[in-house]
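Here is a friendly walk through one protein model, written for someone who likes cut-offs stated alongside the geometry. Have a look at the fold before reading on.

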Amino acid sequence: MLMEIGFLLKKFISFFLEPVGLILTLLVFGIYYFYRKEECRAERFFLTSLFLLFLFSYPPFANYLVEGLENQYSKYDYKQNIEYIHVLGSSHDTDNSQPISSQISDTGVKRVVEGVIIHKKILNSKLIFTGFAGETDTSNARMNAKLAEALGVSRKDMLINPLPRDTKEEALFTKTVVGAKPFVLVTSASHMPRAMMLFKSLGMHPIAAPTNFYKEDFRGYLRAPNVHALYISTIAIHEYIGIAWAKLKSLL
C-alpha cells in the first residue's frame, strides 16, 4: 500500500515540475491574483507562464534540452556477443480494432524493433520485456512480446515480467536474471542516462543501446514555437527531474 501511494505521489509531484503542469500552475496563480484585484502580481504570473510556454515550445531550446541527454550514449555497435537484451517498457492501449503496431506507443515500437534487431544479430540471445498494465487489462511487457513475436522472435527466446511499474522495478527484476553479467539495455536515448545510472547503482553492467532519438540537426534560430517542441521539452525535463531525484536519494 505504501509503495502504491509513493508511486502515485511521485507522478503527482512530477506533473507540477514539468512544463505543462508548471505553466498551468502559474496561470492559476495569475487568475487567483487577478480576481483579488492584485493586478501587478497577476501580470507577473501571466507573463511568466507565457514566457515559459514560448521557451519550452521553441524548437532550438527543446533540442538543446534533449541533446544534453541523447548525446551521452551513441548507438549500439551490434558487435558484442551478449546473452540478454532488456527492452524497457513504455505505454500502450488494447484496442483490438488496431494492429499490434498501433496499439503500442511510437516509443515502444522503436524500443521493441531495436531489441529485435539486436537479438537477431546475436545467436542464442534472449529478450527481456518488462512493464505493467497501466490502465489496461494487458501488461506492456506482454504487448511488446506480442509485437516481437510478430516480427519473428520465438516465445522461448523471451522473458516476460508484467509487474514492474517503473525503471527501478525493471532493473531489480533483471538483476535476478543476469546478476553482474553484461547485458544490452534498450530504451529511449533521452531516458538512457537515467536508466544507466539506476542499473549501475545496483551493481549491474548494462551496455547502452539507445533508440527513439528526438534531437535534430540545427536549423537556425528563426523557428516558430510548436506543440512537438513542447512535447520534447516535457520529455527532457522529466528525465532531468528523475536524474536529480535519483542523485538526491543517493546522497540521503
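Helices α3 and α4 are roughly perpendicular to each other, because their axes cross at roughly 70 degrees and angles of 65 to 115 degrees are given that name (under 35 is roughly parallel, over 145 roughly antiparallel, the rest oblique). The axes of α3 (residues 39-57) and α4 (residues 59-70) come within 5 Å. An axis here is a line fitted to C-alpha atoms, for helices over the stretch in contact, and angles run from 0 to 180 degrees between N-to-C directions. Helices (H or I, at least four residues) and strands (E, at least two) are DSSP runs, numbered from the N terminus.

Which residues make this crossing? From α3 come Leu-55, Phe-56 and Ser-57, and they meet Pro-59, Phe-61, Ala-62 and Leu-65 of α4; contact means heavy atoms within 4.5 Å. By type, the residues of this contact are six nonpolar, one polar and no charged. In that count Ala, Val, Leu, Ile, Met, Phe, Trp, Tyr, Cys and Pro are nonpolar, Asp, Glu, Lys and Arg are charged, and the others, Gly among them, are polar.

A word on provenance: this is a predicted model, in which local features need pLDDT of at least 70 and side-chain atom pairs count only at pLDDT 80 or more, while totals for chains, interfaces and linings use all residues. Residues are numbered from 1 along each chain as its sequence is written, and side-chain values use heavy atoms, with hydrogens and water left out.

Now the whole chain. The protein chain holds ten helices and five strands, and its C-alpha atoms fill a box of roughly 70 × 50 × 45 Å along the principal axes. Of its 252 residues, 44% are buried, where buried means under 20% relative accessible area, exposed over 50% and partly exposed in between (1.4 Å probe, protein chains only). Among contacts between residues at least 6 apart in sequence, 72% join residues at least 24 apart.

The strands form an open sheet of five, in the order β3-β2-β1-β4-β5, with parallel pairing; two strands pair if DSSP finds at least two bridges between them. β3 (158-161) and β5 stand at the edges with a single partner strand each, so one side of each has no neighbour in the sheet. From one strand to the next the twist averages 20 degrees.

| Strand pair | Bridges | Sense |
|---|---|---|
| β1 and β2 | four bridges | parallel |
| β1 and β4 | three bridges | parallel |
| β4 and β5 | seven bridges | parallel |

Individual partners can be followed across the sheet. His-86 has Ile-128 in β2 as its bridge partner, Val-87 stands opposite Val-186 in β4, and Val-186 is in turn partnered by Ala-209 in β5. In a regular strand the side chains alternate between the two faces of the sheet. In β1 both faces are covered: Tyr-84 and His-86 on one side, and Ile-85 and Val-87 on the other, are all buried.

How buried is Val-87? Its relative accessible area is 0%. Beyond four places in sequence, its contacts include Arg-111, Val-112, Gly-115, Leu-127 and Phe-129.

The largest nonpolar core has 38 residues, of which Ile-118, Phe-129, Phe-183, Val-184 and Leu-185 touch the most other members. Such a core is a set of buried Ala, Val, Leu, Ile, Met, Phe, Trp, Tyr and Cys residues joined through side-chain atoms within 4.5 Å. The largest share of this core, five residues, comes from α7. Apart from it lies another core, of 16 residues, among them Leu-26, Ala-62, Val-66 and Ala-229.

Lys-37, between α2 (19-35) and α3, has a positive phi of about 65 degrees although it is not a glycine, and counts as exposed at 63% relative accessibility. Asn-212, between β5 and α10 (227-251), also is not a glycine and has a positive phi of about 55 degrees, but counts as buried at 4% relative accessibility.
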